[in-house]
Amino acid sequence: MSERDPTKVAIACQGGGSHTAFTAGVLKGLLREWDDGYELVGISGTSGGAFNALAAWYGLVTDGEERAIELLDAIWHDLAADDLTDRVANQWVVGLSRIEASGLPVPQASPYVTPGSRLGKERIRRTLERHIDFDALPDLCEREIPELVVGTVNINAGIFETFTNEDVTPDAVLASAAVPTLFEAVEIDGHYHWDGLFSQNPPIDDLMTVDSARKPDELWVIQINPQEREGEPTSLEEIADRRNELAGNISLNQELRVIQRVNEWIDAGHLPEGDFSKTRIRRIAMGEAYHCSTKVDRSPSFLRELIELGEQRATEFRTGE
């Protein structure tokens with residue numbers, strides 16, 4: 001590997017609420033034992049995946065792998081429900097989500113009339129600004145560094161919208177995580193934005209449509225939602241779980257299919273390999289099935305479990321197990 005150019009890698013971090021603590025664990029495991037035979041040329045994320053992509057990217061471009069690992073830990077530590085009031089609120093939200101998934105009626109209110117929505121959004125903003133110097137991003141982006149991409153959906157135009165590099169602001173990250181039933185939309189440049197789960201989960205096209213010298217040889221997808229499930233969902237909870245998983249994977253599979261089709265056309269000689277290059281797709285899957293209600297569970301023990309699982313999957317990925 002040392003006798004040739006390093007393999008260029010882009011990492012795409014799927015969204016999925018609290019389940020994306022798993023992604024933090026994967027990134028920690030990859031960065032802790034990063035192989036010099038690989039060069040990171042881009043990282044993207046949606047929703048909670050955007051938190052992880054931003055933390056890893058910022059740590060890497062400012063002070064290297066160890067700093068990135070520290071930031072991933074710090075952000076999830078701050079987002080955890082650690083005091084008594086927060087723990088009670090977390091249990092209430094998770095309980096309501098589980099009841100709703102079971103098909104029983106639950107009280108619902110617009111996030112525009114509930115104080116919890118604004119408080120939650122401000123907590124995320126404070127956490128991001130505590131650890132990330134957003135004012136420094138334009139200067140950092142003048143160097144040759146990995147591409148950073150955050151995905152949202154523009155609800156006025158009805159199209160997905162990505163924010164890259166120095167355009168990744170606290171509002172862009174908040175918009176990427178703005179689940180419509182939980183948070184108000186975020187206004188950016190005169191348009192309102194919601195959770196990127198409705199568009200690109202995670203963004204991939206922006207990682208591929210770069211200068212040819214920076215185009216990834218491999219795309220590593222950290223996938224939260226299970227791709228496959230055994231058996232037929234029959235109970236309301238099983239149906240709700242599988243619908244949630246499938247919805248989260250639709251845009252991902254569509255974008256990956258485009259890459260696979262280009263690879264096939266190159267193999268078939270329909271595209272000149274000198275002008276087009278193949279990209280190998282590799283998935284790092286969670287491999288565990290959790291109830292969809294746990295995507296809003298911020299209990300410290302659950303987040304630690306997910307992070308540890310992510311580190312285990314990173315080890316398996318590196319060693320080829």
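What is the mean pLDDT of the protein chain, and what share of its residues reach 70 or more? My notes on this predicted model follow.

1. **Confidence.** The chain averages a pLDDT of 89, with 97% of residues at 70 or more; pLDDT is the predictor's confidence in each residue, from 0 to 100. Helices here are DSSP runs of H or I with at least four residues, strands are E runs of at least two, and both are numbered from the N terminus.

2. **Ground rules.** Residues are numbered from 1 along each chain as its sequence is written, and side-chain values use heavy atoms, leaving out hydrogens and water. As this is a predicted model, local features need pLDDT of at least 70 and side-chain atom pairs count only at pLDDT 80 or more, while totals for chains, interfaces and linings use all residues.

3. **C13.** This cysteine sits in strand β1 (residues 7–13) and is buried, with a relative accessible area of 0% (buried is under 20%, exposed over 50%, partly exposed in between, with a 1.4 Å probe and protein chains only). Beyond its neighbours within four places in sequence, C13 is in contact (heavy atoms within 4.5 Å) with residues including T23, L27, I43, T46, P202 and I222.

4. **The cores.** The largest nonpolar core has 65 residues, and I11, I43 and W57 touch the most other members. Helix α2 (residues 48–63) supplies the largest share of this core, nine residues. Apart from it there is another core of 11 residues, among them A10, L207, L256 and I259. A core here is a set of buried Ala, Val, Leu, Ile, Met, Phe, Trp, Tyr and Cys residues joined through side-chain atoms within 4.5 Å. Not counting residues up to four places away in sequence, I43 touches I11, C13, W57 and L207, among others.

5. **Two positive phi values.** S47, in the loop between β2 (38–46) and α2, has phi near 55°, positive although the residue is not glycine. N165 has phi near 50°, again positive in a non-glycine residue, and lies in the loop between β4 (159–164) and α7 (170–176). S47 counts as buried at 5% relative accessibility, and N165 is buried too, at 14%.

6. **Y192.** This tyrosine is in strand β6 (residues 191–195) and counts as partly exposed, at 37% relative accessibility.
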